[in-house]
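Open the model in your viewer and keep the selection panel to hand.

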Amino acid sequence: MSRDKHQIAAAIAHDIATAHPDGAFVNLGIGQPTLVADHLPEGSGVVLHTENGMLNMGPAAAEDQVNPDLTNAGKIPVTELPGCSYFDSAASFAMMRGGHLDVCVLGAFQVSQTGDLANWHNGAPDAIPAVGGAMDLAIGARSVWVMMTLLDKQGRPKIVPECTYPLTGVGCIERVYTDLGTFEIVPDGVVARDLAGTTHDELASLLAPVRLLRP
Amino acid sequence: MLTSYDDAVAGTADGSTVMVGGFGMAGMPVELIDALIRQGAKDLTIVSNNAGNGDTGLAALLAAGRVRKVVCSFPRQVDSWVFDGLYRAGEIELEVVPQGNLAERMRAAGAGIGAFYSPTGVGTPLAEGKEVREIDGRTYVLEMPIRADLALVKAHVADRLGNLVYRRTARNFGPVMCTAATTVAVQVDRVVEVGELDPESIVTPAIFVDRIVPADLVAEEEVA
């Protein structure tokens, strides 16, 4: 069985907590990566950062908690956790570029075998370009991970030899979590682990000419 | 310092560059924008994180046909139909800037920095044509300051000198915009006497603020 988005989010949450037993400063991109917050173990010490100027962001606000002055990067009303802080946009992005965030999880259209990320523009000539904080996050956090399905809607792999969509960042992705497995970007190729509903050989032929390595 | 919405935007010239605070609607200075619509300045360049939400605030200024160009990080949203329509009709120019570069370019303008090298956007279409430099083994792109003729900002409380505190994530671009514009107009929920704000908690010091519109005094008709 392949992993659903909740199982992928749970795998990411597990790895954050394991890699950072004393807690971590983490930014979750808009969309599916926000699910990771629901799977962080109790007492993980993870502090969530939101680009619009807050640390220790709490869960989405219930209907009676909604405050229009308190939203996340996706403009969804959220809540405060004890120890939260607010800061302006320049300070928020200094936290990214300055290497102060431990982990960032982003969605993606494509990731190349050398860790290039394409996630802001689908390349269509009539699309309205919108980048937000994606380029700053992609090059800023110490570990930048991607959460996505391995195949696009046409069944084409999204881990590719070279991105064909416009780039968000160059060589910035360390790890890719997908429904069919988790992939580490390493100098010699891409290491596949935690395969779900597939085999190494199947993945290797699916992703070729990307060089798939065993753990 | 204390004034009305209309007086706060008086004298805005056609062709001005105007910074508009807010992340979506959080921190959007809606009443100051409405005053700018009444004031009538046109051919404006707007610098803001987004390009309007729904039909109010920045979206209303765009719908009024006053804006020539938008400089922002994220124009396309579920409720950005006003901008989307103008863009697709070729009636508005767009410069997309990564959000951190947008904030830092304003910060640079306000801090007197001539330009700066940023790692954000290197190797992407948004760095095309820009000077690139390697420093200590990392590649950076040269980014220029963004300054404005007018900044419209929303804060929570001001004192009568113009010291400001904000509320939660409505702060966002307000503090850097206050430093980067020739004239800074700020709407606040209420104004307090000098000395009532905790000096340790002031986010924007009064030196950066020119005009304050306190919603409480406007409601009581104490500012004309």
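Start by selecting A:Thr18, which sits in helix 1 of chain A, residues 5-19; helices here are DSSP runs of H or I with at least four residues, strands are runs of E with at least two, and both are numbered from the N terminus. This is a predicted model, in which local features need pLDDT of at least 70 and side-chain atom pairs count only at pLDDT 80 or more, while totals for chains, interfaces and linings use all residues. Residues are numbered from 1 along each chain as its sequence is written, chains are lettered from A and ligands numbered from 1 in the order written, and side-chain values use heavy atoms, without hydrogens and water.

Is A:Thr18 buried or exposed? It counts as exposed because its relative accessibility is 51% (buried is under 20% relative accessible area, exposed over 50%, partly exposed in between, with a 1.4 Å probe and protein chains only). For a distance check, pick A:Glu51, 33 residues from A:Thr18 in sequence and 24 Å from it in space, C-alpha to C-alpha.

Contacts, meaning heavy atoms within 4.5 Å, link 37 residues of chain A with 44 residues of chain B. The two chains bury about 3,200 Å² between them, with 60% of it on carbon and sulfur atoms; buried area is the accessible area (1.4 Å probe) that two parts lose on being put together, summed over both. Select A:Asp69, A:Lys75 and A:Ile128: these supply 23% of the area chain A buries against chain B, more than any other three residues.

Last, colour the elements giving two or more residues to the side of chain A that touches chain B: strand 4 (78-86), helix 2 (89-97) and helix 3 (134-140) of chain A. Which of them gives the most? Helix 2 of chain A does, with 4 residues.
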